[in-house]
Amino acid sequence: MLKQTEGSHAVAEAVALCRPEVICAYPISPQTHIVEGLGELVKSGELQNCEYTNVESEFAAMSVAIGSSAAGARTYTATASQGLLFMAEAVYNASGLGLPIVMTVANRAIGAPINIWNDHTDTMSQRDCGWIQIFAETNQEAADLHIQAFKLAEELSLPVMVCMDGFILTHAYEQVDMPSQEQVDAFLPPYSPRQSLDPAAPVSIGAMVGPEAFSEVRYLAHAKQMQALDLIPKISAEFKEIFGRDSGGLVRSYLCDDAETIVVALGSVIGTIKDTVDEMRAEGHKIGVLGIHSFRPFPAEAIRKALSKAKHVVVLEKSIAIGVGGVVASNVRLALDGIDSRIYCVVAGLGGRNILRTSLHRVFRQAEAGELEALHFLDLDWDVVNRELERERTQRRSGPIAENILRDVSAVRSSSVG
Amino acid sequence: MSYEPIKFYQTGTFTIGNRLLAPEQRTGQADMGRTNSLNSGHRACQGCGEALGARYAIDAVMRATGNQMIACNATGCLEVFSTPYPETSWQIPWIHSLFGNAAAVATGVAAAMKVKGKKDVRVIAQGGDGGTTDIGFGCLSGMFERNDDVLYICYDNQAYMNTGVQRSSATPPAARTATTMPVGPEPGNAWGQGKNVPQIAMAHGIPYVATATVADLHDLEAKVKRAMEFRGARYIHIFVPCPLGWGAASHDTIRLARLAKETGLFPVYSAEYGEVVSVSKIRQKQPVEDYLRPQRRFAHLFGKNPNVEVIARFQEMADRNIRKFGLLDDNK
Amino acid sequence: MENKQIDKPFAITLDVGSSLANKTGSWRTFRPVYLQRIPPCNNQCPAGENIQGWLFHAESGNYREAWKTLTADNPMPGVMGRVCYHTCESACNRGQLDSAVGINSVERFLGDEALKQNWQFDKPVKESGKKVLVVGAGPSGLSAAYHLRRMGHQVTIQEAGPVAGGMMRFGIPKYRLPREVLDGEIQRIVNLGVDLKLNSKVKDIQETMKAGGYDAVFLAVGAHIGKRTDIPACEGSRILDAAAVLRSMEGEDKPMLGRRVAIYGGGNTAMDVARTAKRLGAEEVVVIYRRTRDKMPAHDFEVEEALQEGVLMKWLSTIKGMESGVITVEKVALEEDGALSPTGEFETLEADSLILALGQDVELSLLENVPGMEIKNGVVHVNQHMMTGAPGIFAGGDMVPSDRTVTVAIGHGKKAARHIDAWLNGGEYVKPAKHEVATFDKLNTWYYTDAPKTVRPMLDIIRRQSTFEEVQGGLDENNALFEARRCLSCGNCFECDNCYGVCPDNAVIKLGPGKKFEFNYDYCKGCGICVEECPCGAIKMVPEQI
Ligand SMILES: Cc1cc2nc3c(=O)[nH]c(=O)nc-3n(C[C@H](O)[C@H](O)[C@H](O)COP(=O)(O)OP(=O)(O)OC[C@H]3O[C@@H](n4cnc5c(N)ncnc54)[C@H](O)[C@@H]3O)c2cc1C
Ligand SMILES: Cc1ncc(C[n+]2csc(CCOP(=O)(O)OP(=O)(O)O)c2C)c(N)n1
Ligand code: SF4
Ligand code: SF4
Ligand SMILES: [Mg+2]
C-alpha cells in the first residue's frame with residue numbers, strides 16, 4: 001500500500017510488521033521518531049505481543065536486547081551517533097554471542113564537537129564489530145531492509161545494523177509502498193533461535209575463551225560474515241519475488257556498463273549522485289554509480305567485478321578515518337588490488353554539510369580528467385582551515401579548534417543539538 | 001529475623017542441617033538432592049566466599065522456582081572461575097555478557113519470558129560489588145526504577161578481585177587494595193561516606209531488598225525464598241569474604257562473615273517497599289578489632305603501634321549501625 | 001537435543017556441569033579428614049562409658065538405642081544415675097559455655113526408662129565353654145560378670161551376703177538409691193544367665209577354684225572392715241562403726257543410735273551415716289572432722305545436703321575420748337603448710353553414740369597362701385591387665401588400689417572382663433589406640449544454642465529429714481530430651497550438615513542419615529572451612545604427602 005509518510009515512521013511500521021517481541025527504546029536524534037512510532041504501535045495495540053522497554057541508556061538498550069535475544073525473543077532497537085558509541089561494548093558482545101538483534105542506526109556525526117546531523121562516522125566506527133551493516137538508499141529501501149534484516153540475522157545468528165541517513169531519510173516525507181502483514185509473514189518465518197536460555201535445556205552462554213581457542217572463534221565469526229555474502233543476494237531475490245522490488249543486495253550499479261568513471265557511495269547520497277550522473281550522461285560523460293548496500297560483510301568480489309573496467313573510481317563517503325583518509329575508499333582500494341584504475345576518495349557531507357550537485361559535477365569531472373587529489377574534502381573552506389593552521393603554528397595554545405573556526409565563519413548554523 | 005529461629009535442639013537453626021529438626025526446618029543445602037547449581041571443578045580460590053554464596057543463593061532460587069530460572073552474570077571472579085572454556089560449572093541456563101550490564105541483560109531475559117508467556121521462569125542477575133555498585137550501577141538503578149521482574153544478587157567481597165584486588169565503592173575505609181596502598185599519612189582506602197547500595201535500592205521503593213552473609217544460611221535462604229514471592233525488582237546483597245583479596249586464611253571465610261555481622265559492621269536486614277521489616281540481631285557482640293585483625297588488608301592498623309584512632313572510627317561505624325538498625329536486643 | 005548440541009556456538013556456549021572434568025583436588029596441600037576425638041566426658045568416665053555416644057541416641061528420642069549404647073559399658077545406669085559422682089560433668093566442655101550437660105540425670109532417666117519398659121540385655125550369641133568365678137556381688141563383681149557373660153563365658157558369682165549389691169546396698173542409703181532400682185538392675189544381669197550364689201563366702205580361693213573347675217577368677221570383695229582409731233573410752237560409751245551402722249539399716253532391726261549422735265570423719269560415709277541418723281529420729285547429729293570444710297573428702301553437694309537437713313558440723317576438731325555419753329574434743333589449728341597442730345583447747349559435747357566413719361579395710365583371708373599374690377597397704381596389687389600376681393586370678397574394685405567408687409568398681413569389672421576374656425583365649429587384650437581428646441578449643445561453639453542446664457527436682461526438706469524417700473528426683477522425658485540435646489557431641493560428628501553445606505567446592509558427600517559424610521578429594525581444594533565450621537571438632541587438616 002502506497003503511503004506518504006516520514007522515513008522513521010515507515011521504518012517503525014516495517015519493523016512492526018516483523019513482529020518483534022522485545023523493543024528497547026532510548027532517545028537520540030535523529031533516531032527518536034522510530035522508537036516513538038513503535039511505542040505508539042505497541043500502546044495502541046496495533047503491535048501485539050511485544051515488550052516495549054524504556055531503558056536508561058543505549059548501553060542498557062543493547063544489553064536488554066542481548067538478554068531478550070538470548071532468551072529467544074525477536075529483538076529490535078535503534079540508535080545513532082553518541083548512542084552507538086555509548087553501547088559499543090555491548091554491540092561487540094551481541095555479535096560475539098551470535099545474537100540476531102536488528103538495530104537501526106540513523107547515521108549521525110560524532111562529537112566533539114557535538115553535532116546532530118548526518119554523516120556515517122558512527123557506523124563506520126563499528127565497522128569491525130562483527131555486525132552485518134547494510135545501508136539504505138531511500139526510505140522505501142530502509143523499510144524493506146528491516147524486513148530482510150530480521151531474516152538475515154536469524155538465519156545466520158548474527159546481529160544486523162540497518163544504516164539510514166539521519167534527517168535526510170529519517171525525517172523526510174516520501175511515498176513508501178508499505179508491505180502487508182501477509183507478505184511479511186510469508187517472507188519472514190517465526191524466530192527459531194540457534195540457542196536460547198531455557199531451563200529445560202540449560203547451557204552456559206558467554207564463556208571466557210583463552211588463547212587456545214580465541215583465534216578459531218574469531219575466524220568463525222569472519223567465516224559467518226562470508227556466508228552472508230551469499231545469503232544477502234539470495235534474500236534480496238526472495239524479497240523481490242514476494243514484494244516485487246529490488247531492495248538490498250550487496251551492491252547495485254547504475255549506468256556502469258560502459259562507464260569509465262564510477263562513483264562509489266553508500267546511503268541516500270546515491271540519489272544525488274545518480275541525478276548528477278544523469279546530467280553528466282546527458283552531456284556524454286561515461287560515468288556511472290555503484291551503490292554499496294552491504295558494507296559488512298564487505299562485498300569485495302562484487303565491487304571488484306563492478307569496477308574492473310572503470311578507469312576512474314571516485315569513492316564518495318560521509319566519513320573520515322582521521323589520520324588515514326576514507327574508510328570506504330581504503331576498503332575499495334583493497335578490493336581493487338592489482339587493477340589498474342585510479343581511485344579517489346572524496347570526503348563529503350560531514351556533520352550534515354550539504355552535498356551540492358554543482359560540487360559533485362566539479363569533482364567528478366576532475367576525476368575523469370585525472371586531476372583530483374587522492375583524498376579530497378568536498379567544499380572545504382580552505383580560508384578557515386589555513387587561518388587556523390597558521391594560528392596554531394604561531395601560538396602554542398590557540399584554543400579549541402572548533403570554537404575558533406566558528407568564530408571565523410561567524411555563523412552558528414544550528415542552535416539545536418540532540 | 002527473616003525466619004523463625006529454632007532455639008533448642010543442640011544447634012537449633014544455627015547449623016546447615018541438624019538431624020533433630022524436621023527436614024523442612026533444615027536449610028536447602030542440607031538436602032542430599034540439592035541442585036549444586038554451581039558445580040565442583042570451578043576455579044575459585046580455596047575458601048572463596050563468593051563461590052559459596054553463589055551456590056547458596058542460586059540453589060535457593062532453584063528450590064523456590066522448581067528449577068525454572070535463568071541467571072545473567074556480570075564479569076568478575078564468579079564468571080571467570082565458573083566458565084573458562086571448555087568447562088562450565090553451572091547447571092542452570094546462564095549467560096554472561098559484560099561487566100556492567102547484568103541487570104539490563106536480565107531485564108531483557110525477563111521481557112522475553114513475559115512476551116513468551118513463560119511466567120514461571122524467573123530471572124536472576126548477579127555480579128560482584130564492582131559490577132554492582134560501580135560499573136553496573138546505572139543498569140541496576142534502571143532495572144529497579146522500571147521495577148523489572150528480576151532478582152539482582154550482589155556478591156560483595158569489597159573490591160575488584162578478579163583484576164587483582166583494586167578498590168571499589170564497596171571497599172571499606174582504611175583497607176589496603178592494589179590501588180589504595182597502606183602508605184602515606186592516610187594509609188589504605190579513604191574515609192568516604194561509602195556507597196550503601198542496599199539503602200539506595202530501598203530508596204527505589206522496590207518490593208524487596210535484603211542483606212545477608214554466607215555465615216547465616218537459614219537467613220540467606222529465607223531471604224531468597226521471600227524475594228521469589230514478589231514480582232518486580234528485588235535486590236539481595238550478600239557479604240562474601242575473599243581470602244585472597246583480604247589476606248585472610250582460607251578457612252576463615254565464614255568466621256569473618258559472622259564477625260562482620262556480630263560486630264555490627266555489616267547490618268543484616270530486609271526491607272519491603274522501602275521499609276525495613278526484619279533485622280538479624282547481634283547474638284554475641286564482638287569488638288571490631290576481632291574482625292579487622294585477622295585480615296592482612298588491615299594489618300597496617302595493628303602491629304607495633306596500633307592505629308587506635310582508625311580502629312575507634314570503625315567501632316563508631318559499627319555502633320552507628322547498631323543504633324540505626326537496632327541490632328542489639330534491648331535486654332543485651 | 002542432539003541437534004542442539006551440534007548447533008551450539010563453538011567455545012562461547014558450554015554444556016552444563018562440564019567442569020567436573022577439572023579435578024581441583026590437585027591444588028590441595030592439606031586435606032581434611034574426619035576423625036573421632038574422645039569427648040572429655042568419655043575420657044573422664046571411670047566406667048569408660050561412651051557418654052557422647054549414648055547421648056547421641058537420646059537426643060533423637062531413641063532411648064532404647066541410647067540405653068543399649070550405655071549398657072555396652074555399664075550395666076547399671078539406674079544406679080549410676082543416682083550414686084555416680086559424675087566427674088564427667090566436671091570435664092564436660094559445655095561447662096565452659098554455660099553449665100555442664102546433666103549427663104548423670106539423663107543416665108538416670110535412661111536407667112529408669114529401661115526398668116519401666118523392662119528392657120533386657122541381649123544374650124550372648126555363642127558360648128565359649130569357659131568357666132569364670134566372680135567373688136563378690138558388689139558393683140565390680142556384677143560388672144565383670146555381666147561383661148564376661150556377654151562374651152559367652154559361663155559365670156558364677158559367689159557372694160558372702162544374703163543379697164547382692166555390696167556397698168550399693170549395705171553402704172549407700174535408700175534415700176539416695178531406692179532398692180527397687182538396685183534390685184531391678186541386678187536381676188537383669190542375673191537374667192543374662194549369670195549364676196548368682198548367695199550366702200556363699202569364699203574362704204580359700206585356690207580351693208574354690210579347683211572345686212568349681214574355674215578357668216579364671218575375678219575377685220571383688222570390696223572393703224568392709226571399718227577402720228578404728230584409738231579413742232580412750234569407758235564403759236557405757238557407745239562407739240559404732242559407720243559401715244556396720246549402714247549395713248544394719250538393711251536388716252530387720254534398725255540400729256539404736258539415741259537422741260544425740262556424733263560422727264567422726266569427713267568423708268561421704270560420714271555424711272551418709274549422719275543423714276541416716278537424722279532420718280532415724282536423732283535430734284542432734286554432729287559431724288566432727290579434724291580439718292576444714294573445704295578439706296572434707298565428702299563431696300560438696302553431700303555436705304550441703306546434710307547441712308540443709310540439719311546436720312551440724314564441727315571442723316578443726318579431734319576426739320580425745322568418750323566417757324559416759326560425753327565426748328572430749330580438742331581444737332586443732334591448721335598451719336600454713338597444711339599440717340595440723342593441737343591447740344590444747346578442749347571442749348565437750350554430749351552424745352548417745354559415736355559413729356566412726358574413718359574408712360574401711362579389705363578382708364583378705366581368702367587369699368592366704370596364694371602364690372604370687374602381692375598385698376601392699378592392705379590392698380591387692382594388680383598389673384595393668386587387672387591380674388594379680390597369681391595367674392588367672394584378677395581383682396578389682398575397692399580391694400585394689402584406686403578411688404573407691406561404684407563407678408571405678410564397674411570400670412574395673414569391665415576392664416578385667418576384657419583381660420580375662422583375652423587371657424582365656426590365650427591372648428592379650430590390646431586396647432585400641434586412644435584418640436586425642438576433643439578439648440574445648442577444638443569446638444566452634446557459635447553453633448550451639450543457648451540452653452542452660454535443667455535442674456533436677458529435690459524432695460522437700462521436711463520429708464528429707466524424716467523419711468528414706470529418694471531425695472533427688474529424676475527428669476521427665478521432656479527435660480531429659482532437652483538435657484541430652486545440650487550435648488555438644490564433642491569430637492564426634494552429629495550430622496549437623498555444616499561441612500556438607502559450607503564447602504565452596506561441593507567436595508563433601510553426604511551419605512545419608514546415620515551414615516555421615518565423606519570427602520570427595522577430587523575436588524576438595526583444602527581450604528579448611530569445614531574444619532573451622534565443624535561445631536564439634538570432628539574434622540582435622542593433615543598435610544598432604546607431596
Ligand atoms: C556409705 C558409703 C557410701 C558410698 N556412696 C557412694 C556413692 O554415692 N557413689 C559411689 O560411687 N561410691 C560410693 N561408695 C563407695 C562404693 O560403694 C564402693 O566403692 C563400691 O561399692 C566398691 O565396689 P566393690 O564391688 O569393689 O565392693 P563392694 O561393693 O564392697 O562389694 C563387695 C562384695 O563382696 C562380698 N564379699 C566380700 N568378701 C567376700 C567373700 N570372701 N566371698 C564372697 N563374697 C564376698 C561382699 O559381701 C560384697 O557384697 C560408698 C561407700 C560407702 C561405704
Ligand atoms: C568494562 C570493563 N571494565 C573493566 C573490566 C575489568 N574487570 C573485569 S572483572 C573486574 C573486577 C570485578 O570486580 P567485582 O565486580 O567486585 O567482582 P569480583 O571479581 O570481586 O567478584 C574488572 C575490573 C571489564 N571486564 N570490563
Ligand atoms: S579472588 Fe576472591 S572472589 Fe575471586 S575467586 Fe578468589 S577468593 Fe573468590
Ligand atoms: S558436651 Fe556432650 S560430649 Fe561434650 S563433654 Fe559434655 S556431655 Fe560429653
Ligand atoms: Mg568484588
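Predicted model: local features only at pLDDT ≥ 70, side-chain atom pairs only at ≥ 80, totals over all residues.
Residues are numbered from 1 along each chain as its sequence is written, chains are lettered from A and ligands numbered from 1 in the order in which they are written, and side-chain values use heavy atoms, with hydrogens and water left out.

**Exercise 1. A sheet across chains**

Task: trace the open sheet of 10 strands and explain why β8 of chain B and β1 of chain C stand at its edges.

Solution. Strands (E, at least two residues) and helices (H or I, at least four) are DSSP runs numbered from the N terminus. Two strands pair if DSSP finds at least two bridges between them. The order is β8(B)-β7(B)-β5(B)-β6(B)-β4(B)-β3(B)-β1(B)-β2(B)-β9(A)-β1(C), and the pairing is mixed. β8 (275–279) of chain B and β1 (13–15) of chain C each have a single partner strand, so one side of each lacks a neighbour in the sheet. From one strand to the next, the twist averages 20°. Axes are lines fitted to C-alpha atoms, for helices over the stretch in contact; angles run from 0 to 180 degrees between N-to-C directions.

Next, take the pair at the chain C end. β9 (residues 203–205) of chain A runs antiparallel to β1(C), joined by three bridges. There A:Ile205 is opposite C:Thr13.

Contact means heavy atoms within 4.5 Å. α1 (residues 49–65) of chain B lies across β1 (69–73), β3 (122–128), β4 (150–156) and β6 (234–239) of chain B, at about 160° to β4(B). α7 (residues 217–229) of chain B also packs on the sheet, and its direction makes about 160° with that of β5(B).

**Exercise 2. The interface of chain B and chain A**

Task: describe the contact of chain B with chain A by residues, area and polar pairs.

Solution. Count residues: 37 come from chain B and 37 from chain A. Take the area: about 2800 Å² is buried, 65% of it on carbon and sulfur atoms. Buried area is the accessible area (1.4 Å probe) that two parts lose on being put together, summed over both. In chain B, B:Tyr85, B:Leu98 and B:Val115 lose the most to chain A, together 22% of what that side buries.

Then charges. There are three salt bridges (side-chain nitrogen of Lys or Arg within 4 Å of a carboxyl oxygen of Asp or Glu) between the two chains. One joins B:Lys116 and A:Glu21, at 3.2 Å, N to O.

**Exercise 3. A sheet in chain C**

Task: give the strand order and pairing of the five-stranded open sheet of chain C.

Solution. The order is β5-β4-β3-β6-β19, with parallel pairing. The edge strands are β5 (195–197) and β19 (393–395), each pairing on one side only. β3 (residues 131–135) and β6 (residues 216–219) of chain C share four bridges. Here C:Val132 stands opposite C:Ala216.

Methods
Polar contact = N/O pair within 3.5 Å; in protein donor to acceptor, adjacent residues only side chain to side chain.
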